[in-house]
Structure formats: structure tokens, C-alpha cells
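Here's a walk through the fold of this chain, strand by strand and helix by helix. Have the structure open while you read.

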Amino acid sequence: MRVPTAIAVTSADLVLPAPDRHTPGAALLHPPEQLDLESALAEAGALLERHGHLVALVPPWLPRSTVQRLHTVRAILETDRIALLGIDLPPLGTALLARQLRQLSVCDFSPGIIASAARLLSHYIYAGALLGSVAKLDRVRVPVGLGAHARSWSPSAQFAVMAHPKPHLAKLGTGAGGHGAHGPRSGVLPAGPEFATHLTFARGQLTSDWVTAELAPAWQVQGVMENPLPAASAGWWGSPKLVEFAAGIPDLSVLYQLVASVRREECRWCGLELIGDRCGFCAAPLTAPPAAPPPASTARSRP
């Protein structure tokens, strides 16, 4: 029986519950403050011995020390069987992508296909948050105007923010005709997915039912699940006053067809299968970069 490729994250709060009994759990690669280098090498080595290949999500909001540790372990083990995937999603969206890869890991895809599928699947994840303040939101690449910054100082201010796949920010109003203390009235709702999704949300220090009462029905999601808020979420969104949410494709058969429909190629560097334009394991592009033009001094013909 084939052992599934290991899908790894760097924090236990990025492991969402399995949607069925067939989906394996995620591997946990502990950060430097929890595990010394020798133990980290043993941890990764044991995963490789059991699973053959290891696919780890490395979002840009991880501490630099954690990212350096992952690359150090891969270098010391001198292995091309560890894929370190740079995925630019918020914390809850990252957890959702990890669960989708866990679902796919039991299918008949090779490790190279699973690793390169992460970039494809990330395009179909809708990740955002309901925020009580956008004063520190600029650093997550969601444009914030001066008016929104000023309104952030209002105690009752609430904002609907999408970070992926397209940045979006809208001020949501409150009042007697809305949900009162429980949530804001509808403002300009962020555009939702045009395909069937489930919605996962996590509450921070913000009391609101807007995500479940208004956003979920507007997006016509097929299901809603609450999960504990990842520890990195408050820092990523710039405020602990939030309700984070992420919507994605829940059905394994749809995920399978999505990945299987893409043309497969062979990595010209490591030989693994891939989809898209880059290998998930060695990061080599599908096609060789164009040759640099010769220096002007040698290209110029002599008289």
C-alpha cells in the first residue's frame, strides 16, 4: 500500500480537522524555539523514511528563524525529497490549502504533482477577515485609504477585507436596523467564488456574526465550520480584533479533476513530474531561461 506524501506545516493551529476518515493528518515541523537542530533533523528524517517525500508550506509571514531552520534541515540532509513551497496566503487560508493537499495526498498523484498543485489550488482560495481596525493593514498589501484609516479610530468601526485572490476593503455600517452588538449591516460585500465552496472561520477579539449571517449566505457556501484562530493571524492582519475566514473547494473529486486536467511535464533538473511552470521540489522553471546576450564589446563587429 502506497504511503501518502507527507504534508507539513510549522504550527499545530494550521492543521484543520480532516473532512473524512481517509484524509491523513498533517506533519508538524517544529520551530527552532521548540526543537534543537539535531532533533529537527531526526524529525524530518523520520518523515522521509516513512513517507518518501515531504511537502512543507512556507508562507512569508513565518519568522525568519523558522524559514532558515527549514532550509538548513533540507541542506544538511542533502535531499531533493523535501519541497519548501512559498505560498502567499493568510494563516487560515494556508491551513485550508494544507488540508486540500492532505486530501490529494491519498490519490494516485506523484509527489511532484502534489507539490506543484499547491500553486494551482491557492488561486481558488478566497481568504479575508472582518476587522475592527485597518490602521496596520497596509503591510498585507491591501490598499487602505486615508478615510479608512481615520474611521479605524471609531469604536464601532468594522471592515470587510479580502486579501486573496483580489484585494478588497469595504467599511460596514452598524445601526439599529442591523445586528446591533452582534455584527454590522451589509456594506459592499466582497465578491465571492463562482464555484461550490465550504467556509472556515475563526474568531479573534471581535464579537460579530457577520461572517455566518451575511457573508456565507451571500457566497452561497455549502457548509460552514468554525476553527480556533491561528496564533499568527492577529499579526498578519494587523489587529487582534478580527474574524478571519477562508473559503475553498471541499470536494476531493473536484480537487482531483482540477489537478488532473492540467498537462503534466517532467522537471528538466530533478526529473519529477510537475504541473504549471515550476518544480515544487527543486524550484527549477519548466523551461530554461533565455541565454544572456553577449557583452556589447564582443558583440560589436570589428571594422
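A quick word on naming before we start: helices (H or I, at least four residues) and strands (E, at least two) are DSSP runs, numbered from the N terminus. And keep in mind that this is a predicted model.

## Around helix H6

H6 lies across a whole set of strands: S5, S6 (158-164), S7, S8, S9 and S10. Relative to S10, the helix runs at about 25°. Which residues of H6 are buried? They are Trp210, Val211, Glu214, Leu215, Ala216 and Trp219. These buried residues pack against S5, S6, S7, S8, S9 and S10.

## The six-strand sheet

The strands under discussion form an open sheet of six, ordered S7-S6-S5-S10-S8-S9, and the pairing is mixed. At the edges you'll find S7 (168-172) and S9 (223-226), each of which pairs on one side only. On average, neighbouring strands here are turned by 20° against each other, direction ignored.

Now look at S10 and its two neighbours. Two bridge partners to pick out are Arg203 with Val243 and Phe201 with Phe245.

## How buried is S10?

Strand S10 spans residues 242-248, and seven of its seven residues are buried, so the strand is largely enclosed by the rest of the structure. Both faces are covered. Leu242, Glu244, Ala246 and Gly248 are buried on one side, and Val243, Phe245 and Ala247 are buried on the other.

## Aromatic rings

The count of aromatic pairs comes to seven. One of them is Phe109 with Tyr256, a stacked pair with 4.7 Å from centre to centre and 25° between the planes. This pair ties together distant parts of the chain: Phe109 is in the loop between H3 (91-104) and H4, Tyr256 is in H8, and the two are 147 residues apart. Tyr256 comes in at 24% and is partly exposed, because the buried class stops under 20%.

## The four-strand sheet

There's another open sheet, with four strands in the order S2-S1-S3-S4 and parallel pairing. S2 (27-28) and S4 (82-85) stand at its edges with a single partner strand each, so one side of each has no neighbour in the sheet.

S3 (residues 54-57) runs parallel to S4, and four bridges join the two. Within that pairing, Ala56 stands opposite Leu84 of S4.

## Where H4 meets H8

Finally, a helix pair. H4 (residues 111-122) and H8 (residues 252-260) pack at an angle of about 100°, with 10 Å between their axes. The two helices are therefore roughly perpendicular to each other. H4 contributes Ile113, Ala117, Leu120 and Leu121 to the contact, while H8 brings Leu255, Leu258 and Val259. What sort of residues make up the contact of H4 with H8? Seven are nonpolar, with no polar and no charged ones. H8 is also the helix that holds Tyr256, the ring partner of Phe109.

Notes: Residues numbered from 1 in each chain as written. Predicted model: local features only at pLDDT ≥ 70, side-chain atom pairs only at ≥ 80, totals over all residues. Heavy atoms only, no water. Pairing = 2+ DSSP bridges. Axes fitted to C-alpha atoms, helices over the stretch in contact; angles between N-to-C directions. Parallel < 35°, antiparallel > 145°, perpendicular 65-115°, else oblique. Contact = heavy atoms within 4.5 Å. Nonpolar A, V, L, I, M, F, W, Y, C, P; charged D, E, K, R; others polar. Phe/Tyr/Trp six-rings, centres within 6.5 Å; stacked < 30°, edge-to-face > 60°. Buried < 20%, exposed > 50% of the residue type's maximum accessible area, 1.4 Å probe, protein only.
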